[in-house]
Amino acid sequence: MLDLNQPWILRVRRPGRAGNEIALDGHGCNRLGLGPGESVDVWLPNDFQPGPGGSPSQGSAELVRVGDGWMLQRIGSGPIPLLDGSRANVGNWEISVHRRNLIGTRLEVLTGPPDLPAGTVVPIPGPRASIGRDSDCAVRLDIAGISRRHAEIAHIEDRWRLNDTDSLNGTYLNGDPVRRPMWLAGGDRIVIGRTVVEFSDGRGTDLGLTTIDTTLGPARLQGLAGWGSFGGTWRARVSDGPHLGKLLAVKILDPGCAADFDEASLFLENARPLVDHPNLVKRYPPTTAGLPGPAAVQDWCAQGSLADLLAAGQPLPPDRCLDLAAAVAAGLGAAGRGHRGLRPSNILIHGGRFLVGDLDLCARFDPHHPEESPDPRWISPEEAEGAQANERANRFSLGLLLYHAATGRPPYVGQTRAELAAVRLQGSLPHPRTLVDDLPAGLEALIGHLLAREPRQRFADWAEVAATVQAIRAGKIPNPPSVGTSAIGSQPGSVRLIGTAGRSHSFLHGGRTVGLQPWVWAAVVILTVSAIAVVVARAAMSGPGNRSIPPPALAAEQAPQRLHLDWCRPGIWERGTVVLRDHRSLTGSFQIQGSSLSMQTGSIEVIPIEQIASVAFAPPAIASTGNELFARQRFAEAAEAFARALATPEGAGDPYLRSAAERARRSAEQVAAAAAAVPVAILAGDHRAVLDAVADYVAVAHPERLEPAWAAAVCTAWMHLAKADPKDLDRWHQAASAAGIDLGAPCPPGK
């Protein structure tokens with residue numbers, strides 16, 4: 001029965017993201033405007049643009065209180081009555097109204113099995129909640145791949161913490177494995193088995209329609225724009241006074257951080273107004289009134305951020321790249337200090353120009369705790385080793401931003417934050433002009449100097465960066481960085497043939513065209529032939545009579561082990577050579593993603609699987625053996641193979657081999673533990689424990705069939721459990737079929 005004493009809640013949710021809840025009665029709302037416009041009460045950004053002056057447009061609606069329910073009036077359609085639990089769509093958002101209190105802290109399913117669809121909300125009922133398949137778990141997820149007691153979320157010192165409780169398949173927070181208790185913040189994504197959930201702290205997510213005090217007048221929070229390293233950013237609109245209608249960005253410190261007096265005080269100090277400059281986001285005095293923690297207040301930038309432009313995967317025009325370089329140089333030069341974390345989401349766009357935002361308001365990267373640090377794709381090498389960001393480190397970050405903007409491809413990739421941080425300390429990036437043929441030489445030279453490995457070589461100050469940009473616009477080409485000094489083109493072989501001119505051959509090297517006379521060309525040919533002869537002679541001398549065991553790297557190059565793509569596990573990075581059907585070959589890191597393969601050769605290239613002829617895993621040859629053994633679920637042997645590969649000169653210190661060995665070792669331990677638990681359960685005579693133990697074993701080992709004794713024990717468990725409840729027989733039979741285990745005909749109850 002409907003409880004008329006319960007308050008009304010509006011829930012808004014966008015596909016692929018967790019929803020927010022808004023207390024309607026608490027704000028005395030009987031009529032609400034919804035949509036992407038400026039003057040709406042609840043901001044729902046989508047692909048539809050608001051009309052001039054914030055007038056209603058497609059994707060907008062009005063929610064009106066009518067008796068004991070609500071009426072939704074969408075632009076261009078008839079009214080829709082909404083009662084308790086009713087749902088409707090506004091643009092690409094799903095909205096629903098409910099008669100209940102705010103849920104508060106919760107997990108929301110983003111990806112899950114059919115019986116736990118996306119959008120399912122799982123409340124966290126108390127200060128300590130266990131997650132797993134057991135019936136006594138506060139958050140019960142009875143699905144494949146989840147242990148009986150998989151993980152735990154606890155409220156400690158006014159902050160939420162996630163801990164993996166020795167689960168078989170592990171727990172992941174924002175893509176990194178949870179190996180120790182880790183702090184949670186709103187927007188964090190947790191992977192448990194094959195289920196992805198997003199954590200929401202109701203204190204920081206359910207603030208819609210809250211009115212806060214600012215120096216510009218009262219402002220109402222319209223909607224959550226996104227999550228950052230310190231908290232959530234909301235769009236707000238001044239509701240009274242001379243600045244009526246002005247849009248603001250309000251960054252509210254995460255409630256867990258706000259509970260720490262030192263963190264809250266430091267945030268308030270850093271949120272103070274900055275120098276007024278056209279390339280810095282204008283900031284106003286911070287506020288604390290009406291909020292769970294302190295908040296920074298700044299201008300709203302309606303055109304999004306650099307991250308939105310880069311998400312398209314296409315290069316920006318060269319002039320736009322120079323605009324970016326000039327804006328960052330001018331803004332940070334005026335600020336007079338370094339940015340803690342210069343990244344695409346902190347470069348905002350307003351009126352067509354780039355502005356630097358979040359100065360002093362984002363977390364630094366901590367190499368000792370990379371899994372709890374912000375995205376490290378844009379940090380400098382010295383930051384990856386533990387140094388704090390300064391202006392010279394910011395110039396390296398600007399070089400990475402320009403590299404991505406100019407080529408349309410991210411400069412670094414990796415599976416974890418630790419790998420993303422470490423990759424910049426090894427190897428080199430390909431020249432941008434090998435990725436974009438018509439990229440101006442001046443822009444490539446600018447990027448090369450910004451990406452100097454030594455901080456002292458990255459321009460003296462921001463004024464020098466700005467002067468270089470002006471010179472490039474004037475048609476001058478800076479000298480390229482010296483070989484070996486920059487993160488791009490540090491390896492030999494950056495000379496690129498561009499054509500012929502008369503009887504000479506033209507090459508482009510560092511932006512200069514050099515003509516080679518025929519006699520020089522003949523000398524190059526003679527030297528090349530001589531080098532090949534030396535290599536062949538050495539190969540002949542290294543036959544069976546001189547070297548009984550060839551080096552693993554040489555063995556792999558002479559006879560690479562070519563495997564079908566079935567050996568590649570989706571989402572797992574491998575290393576080796578991919579041969580395409582047009583006879584091209586690409587060497588680097590790669591992983592399967594759906595119907596395509598992502599290949600990193602200094603940048604990312606997406607290749608449809610149907611274009612791939614074969615795969616050869618990287619040397620040493622033992623690494624190929626390890627990959628094959630791992631694909632066959634022979635984890636202990638795979639761990640041993642990877643360990644042997646690490647012991648070779650070619651594999652020593654290789655981050656891929658280290659992570660592969662750790663992954664295989666962990667999988668082997670999980671299989672061994674699961675296998676050991678089955679006979680223990682059988683001997684104990686606990687039929688439910690037998691089924692649970694076998695299910696855990698199947699989840700990690702994926703056997704083609706069970707041991708005969710185990711299958712008999714399972715059949716016995718069916719019989720006894722089905723006597724009490726026939727549903728147990730059907731449930732286990734369905735689970736066994738889904739796992740592909742042939743258990744034979746089910747034992748009929750009572751026999």
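Okay, let's start with a hairpin: strand 5 and strand 6 form one, with two residues between them. In that turn sits Gly 67, with a positive phi of about 60°. Keep in mind that this is a predicted model.

So how do these strands pair? Strand 5, residues 61-66, and strand 6, residues 69-74, run in the antiparallel sense over six bridges. If you want a spot to look at, find Val 64, which stands opposite Met 71 in strand 6. Strand 5 has another partner, too: strand 3, residues 31-35, pairs with strand 5 in the antiparallel sense over four bridges. There, Leu 32 stands opposite Leu 63 in strand 5.

Now, zooming out. The protein chain has 19 helices and 37 strands. Of its 751 residues, 47% are buried. Its accessible surface is about 34,900 Å², and carbon and sulfur atoms hold 54% of that. And among contacts with a separation of 6 or more, 56% join residues 24 or more positions apart.

Next up, helix 7, residues 391-407. Is this helix buried or exposed? Well, 15 of its 17 residues are buried, so helix 7 is largely enclosed by the rest of the structure. Its length checks out as well: at 1.5 Å a residue, helix 7 should span 24 Å, and its end C-alpha atoms are 24 Å apart, which agrees.

Have a look at both ends. At the start of helix 7, Asn 390 puts a side-chain oxygen within 3.2 Å of the backbone nitrogen of Arg 392. Just after the helix comes Gly 408, with a positive phi of about 80°.

That's my tour, thanks!

Definitions and conventions: Residues are numbered from 1 along each chain as its sequence is written. This is a predicted model: local features need pLDDT of at least 70, side-chain atom pairs count only at pLDDT 80 or more; totals for chains, interfaces and linings use all residues. Side-chain values use heavy atoms; hydrogens and water are left out. Buried means under 20% relative accessible area, exposed over 50%, partly exposed in between (1.4 Å probe, protein chains only). Contact means heavy atoms within 4.5 Å. Accessible areas come from the Shrake-Rupley method with a 1.4 Å probe; for residues, only the protein chains shown count as cover. The expected span of a helix is 1.5 Å times one less than its number of residues. A polar contact is a pair of N or O atoms within 3.5 Å; within protein, one must be able to donate a hydrogen and the other to accept it, and residues adjacent in sequence count only if both atoms are side-chain atoms. Two strands pair if DSSP finds at least two bridges between them.
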